[in-house]
Amino acid sequence: MSNSLLSKQIHTRSKLGIVSHLHRQFNRYPRLLISIGTAGLLLTFAVPIVKTQLAPAAESSATNGARVLPVEMLTVETVSSYEVSRAYTGEIAALRSSDLGFERGGQLVEVTVQEGDRVTAGTPLARLDTSNLQTERQQLEAEKAEAMAQLNELQTGPRSEDIAAAEAAVRDLEQQLALQQTQRSRREALYTEGAISREELDEFAFGQGSLEARLDQTRSNLRELRNGTRQEQIAAQQARVQQLDARIANVDVNIRKSTITAPFDGIISTRQIDEGTVVSSGQSVVRLVENAAPEARIGMPTDTVNQLQVGNTQTLKLGSETYSATVVAILPEVDAETRTQIVVFRLAEAAITNLSPGQTARVEMVDTIPADGVWLPTEALTQGIRGLWNCYVLVQPNDNNPDHYEVQPQAVEIIHQEAERVLVRGTLQSGDRIVANGTHRLVPGQQVQPL
């Protein structure tokens, strides 16, 4: 047997012995062997992977100082002030609105407006049935006419015909009385002679007395006619005429109250009752909203108010809509709690339909604040220490390539921040060139090339 063949047999027997030994150990300690095998596999595959990953990283660190990064450059300019937009909140002043009804009850016979109609002050809006009031007024007018006729008669005085008739009546009674006296004298003579009885004599005596009384009354009437009407009678008749005038005026008031008129210029917002309904006193028939330029009252600090003048135009925001408004008044009082003054803005009439009393209104004012600094984009800053921030300034190195720069950190303090930029102050000067963005890729001394 050759030496090579012998070696192969020995090698084969050794492998078989190792396998047999492992099989016996696996049967005795299976879990231990599995764990050892797993660890071995991890080490077998992990070592090449770690070696593969660390090699490029080490190579990158070694070459980082020599690599030139392209960056976006910004040249800064100093400013002496900045503007801040502040919003101040107020509300729409309450517009006049009225639920209009009648002061008396009755049947509604007419509504002359519809919802959305624009009306002026004094326009009739609705009417009640007034037929009973018209009848009562006609009756009072007739009574007044009678009273006026009597008053005119008293003021004119007695007619000459009446005086003449009264004088004739006096003369007639005087003649009758004279005849009665003559007949009585004859009857007394006959009574003395016993020709007539005492009863017949008494009848003539009492007849004479009656004629004398009638004559006195007729003469008194004649004197009254000759003296004219007494002032007391005229005054009493005048008072009766005035009483009738007052009753007629009261009916006229009730007739006017039977018609609703617009108390101010406005828009009919609601029509609540239709014709034919019997309404009660005070029941709402229509709702009227004032048709006038709405006002907004907004409180502002005194410093901001000093920038405004009556007549200035500002933009007000109500919800998602904006409206042009004019300053019509600046109230002098300063609120003790808010330390603000009320500024009154007047909006255009076209905004009435979109506004409601008490609705929130906002106005934005721009304040100019003096401060020295430079504006930088927010992406140009990186976090510093002690509350400061850093930006990278481009510095020309002393080499033969004028297109390559080094970046050096510059500490700055933020004064004011807006959406995508900040106002900072520090040692930056006008004309300094900084890295505008991508500062997370840089380290101090990094070689860069501006785009």
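Me: What makes the span of helix H6 (residues 231–256) close to the expected one?
Reply: This is a predicted model, and H6 has 26 residues in it. The expected span is 1.5 Å times one less than the number of residues.

Me: Which residues of H6 are buried, and what do they pack against?
Reply: The buried residues are Ile234, Gln237, Val241, Leu244, Ile248, Val251 and Ile255. They pack against helix H3 (131–156) and E8.

Me: How does helix H4 (residues 160–193) compare with its expected span?
Reply: H4 has 34 residues and reaches 50 Å, close to the 50 Å expected. Its buried residues include Ala166, Val170 and Leu173. Gly194 follows H4, with a positive phi near 85 degrees.

Me: Why are strand E7 (residues 124–128) and E8 called paired?
Reply: Pairing requires at least two bridges. E7 and E8 have 3 bridges, in the antiparallel sense. Therefore the two strands count as paired. Ala126 stands opposite Ile260 in E8.

Me: What is the strand order in the open sheet, and what makes a strand an edge strand there?
Reply: The sheet has 4 strands in the order E8-E7-E5-E10, with antiparallel pairing. Strand E8 (259–261) and strand E10 (278–279) each pair on one side only, which makes them the edge strands.

Me: How do you know whether Gln446 is buried or exposed?
Reply: Buried means under 20% relative accessible area. Gln446 has 4%. So Gln446 is buried. Gln446 is in the loop between strand E21 (433–435) and strand E22 (447–450).

Me: Which residues touch the most other members of the largest nonpolar core?
Reply: Of its 20 residues, they are Ile298, Met300, Leu316, Leu318, Phe345 and Leu347. Elements giving two or more residues to this core include strand E12 (295–301), strand E13 (313–318) and strand E15 (340–347). Another core, of 18 residues, lies apart from it, with Leu100, Val119, Leu128 and Val285 among them.

Me: What does Leu318 touch?
Reply: Leaving out residues up to four places away in sequence, Leu318 touches Ile92, Tyr323, Leu347, Leu355, Gln359, Thr360 and Ala361.

Terms used: Residues are numbered from 1 along each chain as its sequence is written. This is a predicted model: local features need pLDDT of at least 70, side-chain atom pairs count only at pLDDT 80 or more; totals for chains, interfaces and linings use all residues. Side-chain values use heavy atoms; hydrogens and water are left out. A nonpolar core is a set of buried Ala, Val, Leu, Ile, Met, Phe, Trp, Tyr and Cys residues joined through side-chain atoms within 4.5 Å. Buried means under 20% relative accessible area, exposed over 50%, partly exposed in between (1.4 Å probe, protein chains only). Contact means heavy atoms within 4.5 Å.
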